[in-house]
Amino acid sequence: MVESEDFKSKITVYVVVCWILAAFGGLMFGYDIGISGGVTAMDDFLIKFFPEVYKRKLHAREDNYCKYDNQILQLFTSSLYLAALFASFVASKVCTKFGRKPTILVASSFFLAGAGISSGALNIWMLIIGRILLGIGVGFGNEAVPLFLSEIAPAQHRGAVNILFQLFVTIGIFFANLVNYGTAKLHPHGWRVSLALAGVPAIFLFIGSIVITETPTSLIERGNEVAGHKALKKIRGVEDVNAEYEQIKLASDIARQVKHPFKELMKRSSMPPLIIGVLLQVFQQFTGINAIMFYAPVLFQTVGFKNDASLLSSVITGTVNVFSTLVSIYAVDKVGRRKLLLQACVQMFISQSTIGGMLLVHLKATSNTLTTTQAGFVVFLVCLFVMAFAWSWGPLGWLIPSETFPLETRTAGFAFAVSSNMFFTFLIAQAFLSMMCHMRAYIFFFFAGWILVMGLFALFLLPETKGVPIDVMVERVWKKHRVWKRFMDD
């Protein structure tokens, strides 16, 4: 078996440009996660679309945990993820039939349309149609970009390159928080500016989708072997790429024999990467990260910060998110995937449990809020939580599913992983404000319980994939794992 070290490569300016331009798909996704919570906390937005919520927010004896509980308000945020869920399966077909590059182009086009319609919305349904178009863009982008990055990266740097997607997600969230902080003062159309600026990363991705190369894997799989060999030489920056080319060609020959990848995915031997890929995405949501990121401004208002201060607190958490993801880029190909995930579970469990304990003791439904010191400590704990997530379950939830499927089921398997992420993101986005209203501080213990389960999953069921070439995962990883080898055909 060819070792990854035998694949010759050097990092060129062109391939770095390809990585960065493709990663703008993450910036689109992140900007959208970050923008929703800030927009839904803006009075001008609530007055126009959700006057009942605005009245409840102003009420003298408001319930601290329930003031934002409104199903249509939650639908504004979560409709995007439902659209992305269905779009990811269509994107899987487009990815296989036409390639990663055109799929990224489609993603940017839908995102541009969605940003235009939602920012120009005159009524609630126009707003939600805009969100659905954004969702289709997210479904296509989140399917194609991580696959593109994993396929174009050399094996020894694959973890770091793929995490560029998550790094750009965190940068998107950070910029969204900065934008919301600025536009909150632009009355009465600040929310329109926030939503319109989603078009900026989409323009970069659109340009990027024209500039970047198609992945050699996709070209060879679709029968363009000469173009695939040429693209491989271009991205590796060396002439001698024959060893890697032959490995991709072998994987492509096997993949071409599979006419129905979704059917192939249901076979026993396909279960290990499918189970791991789906569970990683489910667990990523049940850390409670999007609950904290979507509604950070709302959460900080709940513990007593005023509107500006709560948005500023979100900017702080956004900064922590970006810099902690850089830790992951440095550590993932040195320390490995499993150690990062296990360490983070300990840190996230302590953070969520302590936040829950503090709110349980100090924050009553209608009485006075936390003291400044206590509220500041909650922000510190949220930062501690975000830090751990950003170097572990955030980036690795996308990396591991994109690198562990064999080529014949890669786009189909990754579509299941993406759609699982979108479904549970939708579920959390739709339910979080209602859960906060009914479960109150216990919601943080709910997420802490899930983090405990995730730690056990990573300890016993997750194999290490550091440094393993993407097309030999079955031989090197699944057939050697003490649990998953029982699923593999001889």
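What percentage of the 490 residues in the chain do buried residues make up? Buried residues make up 62% of them. Keep in mind as you look around that this is a predicted model.

**Stop 1: the whole chain.** Colour by secondary structure, and you will find 23 helices and zero strands. A compact globule with 490 residues would have a radius of gyration near 23 Å, and the chain agrees with that, having 22 Å. Contacts tell you about the fold too: of those with a separation of 6 or more, 82% join residues 24 or more positions apart.

**Stop 2: the largest nonpolar core.** Select Phe45, Phe50, Leu127 and Met422, the residues with the most contacts inside this core of 71 residues. Next, select residues 13-40: this is helix 1, which gives the most to the core, with 14 residues. Another core, of 57 residues, lies apart from it; Ile163, Ile276, Ala441 and Phe457 are among its members.

**Stop 3: around Phe45.** Zoom in on Phe45 and look beyond its neighbours within four places in sequence. There you can pick out its contacts with Val39, Thr40, Phe50, Leu73, Phe76, Leu127 and Trp191.

Stop 4: The chain exposes about 17800 Å², with 69% of that supplied by carbon and sulfur atoms. Finally, colour the charges: there are 42 positive and 30 negative ones, and their mean positions are 4 Å apart.

Notes
Residues are numbered from 1 along each chain as its sequence is written. This is a predicted model: local features need pLDDT of at least 70, side-chain atom pairs count only at pLDDT 80 or more; totals for chains, interfaces and linings use all residues. Side-chain values use heavy atoms; hydrogens and water are left out. A nonpolar core is a set of buried Ala, Val, Leu, Ile, Met, Phe, Trp, Tyr and Cys residues joined through side-chain atoms within 4.5 Å. Buried means under 20% relative accessible area, exposed over 50%, partly exposed in between (1.4 Å probe, protein chains only). Helices (H or I, at least four residues) and strands (E, at least two) are DSSP runs, numbered from the N terminus. Contact means heavy atoms within 4.5 Å. The radius of gyration is taken over C-alpha atoms; the globule rule is 2.2 Å times the number of residues to the power 0.38. Accessible areas come from the Shrake-Rupley method with a 1.4 Å probe; for residues, only the protein chains shown count as cover. Lys and Arg count as positive and Asp and Glu as negative; His and the chain ends are not counted. The place of a charge is taken as NZ of Lys, CZ of Arg, CG of Asp or CD of Glu.
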